[in-house]
Structures are given as structure tokens and as C-alpha cells.
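Q: Hi! Could you walk me through this one?

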Amino acid sequence: MALIEIKVPDIGDFADVSVIEVLVKVGDTVKEEQSLITVESDKASMEIPCSASGVVKELKVKLGDKVHEGSVVLMLESGAAASASQVSVAPAPAALTSSSPAASSTNKSSIPTTSGSALIEVKVPDIGDFKDVSVIELLVKPGDTIAVDQSLITIESDKASMEIPSSAAGVLKELKVKIGDKVNIGDFIAVVQGQAIASSSSVAAAVSNVPSASLASQSPAVSAPPSTPPSTSLSGSTGLQSTAQMPSHQPGNALSASGFVPHASPSVRKFARELGVPLEEVKGSGIKGRITHEDVQAFSRAVMQGAVSTKAQQAKGGGSSASGAALGLLAWPVVDFAKFGPIERKPMSRIKKISGANLHRNWVMIPHVTNHDDADITDLEAFRVLTNKENEKSGVKVTMLAFLIKACVATLKKFPEFNSSLDGEDLVYKSYYNIGFAADTPNGLMVPVIKNADSKGVLQISQEMGELAKKARDGKLSPAEMTGATFTISSLGGIGGRYFNPIINAPEVSILGVCKSTMQPVWNGKEFVPRLMLPLSLSWDHRVIDGAAAARFNANLGQILSDFRRVLL
Ligand code: CAO
């Protein structure tokens, strides 16, 4: 067993490129040519392959480190002693910056025009042995004014992505390629109308980006990206952050159809394409907003679970005014209401729009069933009135909702699936009891959360509820005060009504709706007696909960409410 150093191979004139991904960890068994790290310059990202097979004993680089040719990436315990070339060098991709005026003629030819300017053909420069590389981004469009060296397209192999620069300045007349096309060295990609044929120096600058030697024959994992003269950096890596982090448009940054070029390595891009994930909609969690493999996975999972919809999905039928075509429904009726009488059009409040979108998704995606029941709260109401009398001075008013929260916690403990969430094919059972309560506010519905309600008494819950409801009405709830609920209660008891179907607040799996208690004649076996009955409406997710469990939940809740001592059991 030999311990060998695996070093960064010749990556041309690139010096101090950043490590943006570490793809292996100590203890991993790696094969020759397996990618170890991803490095990035301002124009390309590339994966550095292992020059031998073995077990990773020590990593010598970490995220954010700068490396160059010869930097030690890791220590590898190799089965056989590696040769000197194996140890240190995955062979030279190319000289990246040597200017080659002669080569320019292969990349650009000109056709004089009558106006004195020339139509210049821009071709794919020497990209080494790479064949049939896919065009993954078009960075310019006809009519754009192009500078020499400005990136025109991005191409990508399975291990590297690179931007192809323009070898001429002028106005882009035509792009000869589209996304998905495969290109090779010498392929004609664009026509630029320049004032004249670019000077030899500008030609040289453009073509200086060209790797001059074969890459793939010796080191398929390392490509030579076009380098950029220091003065013409167009898409510095610091400028390529996720959309959320970088709202302003930096000149020269490549734009995708929907925004900024997503910052991701070739393998992540490939992975996203395989899953059909629109990278520009993924928020990167890596350095400088870089999108990682895990980010793509998480986005894909969120879309599958309905927690997130892509822009394409939204365009097809996400909003309330959507056509319904995506669901195969009739188009939404378009009516000129003013035809029938005076109208006033008002935009919906921000909260209504947000809660509306959530309710819509939950209603459509969760198979809801609602069980209705009545609980005898005659004795509990008497106790509530007494409690309020005794605590008059405290300023805390106890309503039925605080008792309901305690009663629900006790019932949730007995029926844990009601306090769970669906995560893919798993059920996540929570050992904490955070109860959300719907609050009616002038701006719309909000759901503040009483955290750890199991460890709080009815008086404390009442006080917290009062404070949170006030904050909700004043629009002062913090995100932390509205998140983390495991179960929700929606009480219309102060208003009226008998029963309703509350919509589950995903990712919760059930919700209790409560209406106004009324005196009812209840048969006790001998006679009808007047009892104060509280209408309960329990909606539950039929993927998680069965009807029998829901009926038992309601029965148990009813028993606790009719004799609150049971809350202690
Ligand atoms: N039966 C009979 N009376 C009830 C009752 C019930 N189930 N629940 C409350 N009441 C009474 C209270 O005792 C109080 O009576 P007093 O004025 O005599 O003291 C009165 O109704 C008003 O109560 P409240 O609404 O102020 O207090 P609450 O704790 O019951 O509710 C809150 C607080 C914030 C939840 C409530 O104000 C609210 O916003 N409810 C609306 C929730 C909602 O919109 N749900 C629908 C969501 S789906 O669209």
C-alpha cells in the first residue's frame, strides 16, 4: 500500500482557481478518473479527476481554497505505487492563454459588406478533443452589440462547461446554434457585423482563449476553458450569485430566459437536466449562492410534494385566476361584470394572496375528509366562567379556545398520526405540540402558533393567544411566531355557525374547526336535558389518517371536553 499525493494537473495558465465543491471525503474509495473536486475560474468550472485508484486518507483542500497546477488535493492510499506521472499530473489540458493569430483564421472569416463593415463568421475555437459538446445556454441574441471576447454561448461536456467567446466586435446578426445543438471545433456559431475585420490584436485576444492541445486523450475530466484577458472579465464568479442574492444585472453576465445564469458545476447542471429541474429557480446553498447537488434534489423533492411549483407549472395553472387547463378543467369564466351594474375593482391584500395560494394548493393536493361531532361543554363552560371571575384582576380572559388547545394536545398525544407530517413516503411524527390558531385580521387570515402548548397551562395559553392575536391584527407577527405548528384550530365560535370544512394547513395532516356552542336538548337515557353543545369539525388527510381513527379522535376530544379532568390522564 502506498500513500500518494494527488495533485491538480496542468490546467493551463489558470492560477489560483477556487475550489467550489469537494466531491469525496476521507474513507471514500475512488477510481482513477473519478472527479475529486470542482474548481472554477471566471469563465469555466471543471472537475479535477483522480490520477489513481485507492482510498482517500486525507483531504488537503477545502471549499474556498485557491489551487493551481501542482496543489495537493488529497492523500490517497493506493493499491500499487503510482508512477510519478500518476501521482502528480493528470496530463496537460493545454496552454490556455498563448495567443495564436494563426488560429484565428480558423475561427473567424469575414465577408465584406457594401456598407464597409464586414460580416464575420465566428466559429467554435479549438476545444481540445471534445466532440459533440452540447450548447446549454445562449448568452446573446441577434441585435446585441458584442465586444471581442464576450461570451456568446455556453457549451458543456459531462465534466466541464465553458463559454465560447466572440472573436469579433460588432452587432450580432445571427446565431447559428440553438440550445441542445452539439458543436465541435470549427463549427460556425454566429455572424457578427463589425465595422471592419477585427484587428489582429483583437483577433488574437479572442483566440487566445483557445486551448491548443488535446485534453480528452489523457485527462477527460479536465477541460481547458477559454481564458479571458484580465481586462475583459465578463462573468466573474463573484458576480454570479443566485437571483435572490443578486438582483441587479451586471453587464456581461449571461442571462437565462428567466434571469441570471445559475451558478452550478457541470455535473450539477447535468443532474438538474436529467430531473427536469429548472436551475434558474433553484436557490443555491453553496459558496456565493452556488447550486449544489443537494439543492437540486431538495428542489425536485419539494416540487414532487407540491410544496413548490416551478414557473412553468404556475404559468400552466397555478393561480386562482388560472385557466384550469393544467387540470383538464373548463377555462375560468371571463365576465364583464360592469355590464350588469356598477363595480369597483380592488387588488387583493398581500396576505390574502399568500394565504389564498397556500389554501388552494392544500385543497387541491390533500384528500380532505371532515368529521363533524358535538362535545358537551356544559360543565367546562361553567368552569371557564368561574375561572374568568376568579382571575378578573389579572386582565387575562379565558375563552373556550384555550381549553380546546389543551384538550387537543391530550388527544394528539393519544393519536400521534394527527401530529405528524408526510415527507415523501415517510411519516414524520413530532414529539412537540405546537398549536396554530386561525386569527381573523383586517388584512386576511393569519395563523399564529402557541409553541409547546403541552407544557403550558390554560391561563398562560390564553395570555399568549391574546398577545399573538393582537400582533396578528396589527400586522406585527414575526415569521417565527407563524411557523412550526403541528396541528391547527380554526375557531368561529365567537361569530356563529354550526359546522364547516376547515382546510388543512400543510404540512400538517389535520385541523379542527370549532363553531358556536348552543344549548341543545340531549337525551340522557331517561329524558331530554339542556346541555351546552360545541360543534366540532375535524378535517384530516386521508393519505395519513383513516376514518375510524378520525372518529375516535373526535370522540376522545369530546370526552375530555365534557370532563376536563381527563386531560390529566
Ligand atoms: N361558542 C360560543 N361562544 C364562543 C365560542 C364558542 N365556541 N368561542 C368563543 N366564544 C365567545 C367568547 O367566549 C367571547 O365571548 P365574550 O365576548 O362574551 O367574552 C366571544 O365569543 C369572542 O371570542 P373571541 O373570538 O374574541 O375569542 P376566541 O379566543 O374564541 O378567538 C381568535 C380568538 C383570535 C381565534 C378569534 O378572534 C378569531 O379571529 N376567530 C376567527 C378565526 C377564523 O377566521 N377562522 C376561519 C378560518 S378558515 O377561513
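Q: Before we start, what kind of model is it?
A: It is a predicted model.

Q: Good to know. How many helices and strands does the protein have?
A: The secondary structure comes to 11 helices and 30 strands.

Q: And what share of the residues counts as buried?
A: Of the 569 residues of the protein, 47% count as buried. The accessible surface comes to about 27800 Å², and 56% of that belongs to carbon and sulfur atoms.

Q: What about contacts between residues at least 6 apart in sequence: what share joins residues at least 24 apart?
A: That share is 64%.

Q: Let's go to the ligand. Which residues come nearest?
A: There are 19 residues around the ligand, and K397, T399, D440, S490 and S517 come nearest.

Q: How much of the ligand does the protein bury?
A: The ligand taken alone exposes 960 Å², and the protein buries 67% of that.

Q: Which elements give two or more residues to that shell?
A: Those are β24 (439-441), α10 (458-473) and β27 (487-491).

Q: How does the shell split by class?
A: The shell around the ligand has 9 nonpolar, 6 polar and 4 charged residues.

Q: Switching topic: how many salt bridges does a search of the whole structure find?
A: The search finds 15. As background, side chains of opposite charge can pair when their charged atoms come close.

Q: Where do E381 and R384 lie?
A: Both are in helix α8 (residues 378-390), 3 residues apart, or about one turn of the helix. In an α-helix there are 3.6 residues a turn, so residues three or four places apart point the same way. The salt bridge between E381 and R384 has its closest N and O atoms 2.8 Å apart.

Q: Why does E381 count as partly exposed and R384 as buried?
A: The cut-off for buried is under 20% relative accessible area. E381 counts as partly exposed because its relative accessibility is 21%, while R384 counts as buried because its value is 16%.

Q: What about E5 and K7: how do their side chains meet?
A: They meet in a salt bridge, at 3.6 Å from N to O. E5 is partly exposed at 32% relative accessibility, and K7 is partly exposed at 22%.

Q: And K456 and E464, buried or exposed?
A: Both K456 and E464 are buried. Their salt bridge has its closest N and O atoms 2.9 Å apart.

Q: Last topic, helix α4. Which of its residues are buried?
A: In α4 (residues 266-275), the buried residues include P266, V268, R269, F271 and A272.

Q: What do they pack against?
A: The buried residues of α4 pack against the strands β2 (17-22), β5 (44-49), β11 (133-138), β13 (151-156) and β14 (160-165), and also against helix α5 (293-304).

Q: And what happens just after α4?
A: G276 takes a positive phi there, of about 75 degrees.

Terms used:
Residues numbered from 1 in each chain as written. Predicted model: local features only at pLDDT ≥ 70, side-chain atom pairs only at ≥ 80, totals over all residues. Heavy atoms only, no water. Near = heavy atom within 4 Å. Areas by Shrake-Rupley, 256 points an atom, 1.4 Å probe, with all protein chains shown as cover. Helix = DSSP H or I, 4+ residues; strand = E, 2+ residues; numbered from the N terminus. Nonpolar A, V, L, I, M, F, W, Y, C, P; charged D, E, K, R; others polar. Salt bridge = Lys/Arg side-chain N within 4 Å of Asp/Glu carboxyl O. Buried < 20%, exposed > 50% of the residue type's maximum accessible area, 1.4 Å probe, protein only. Contact = heavy atoms within 4.5 Å.
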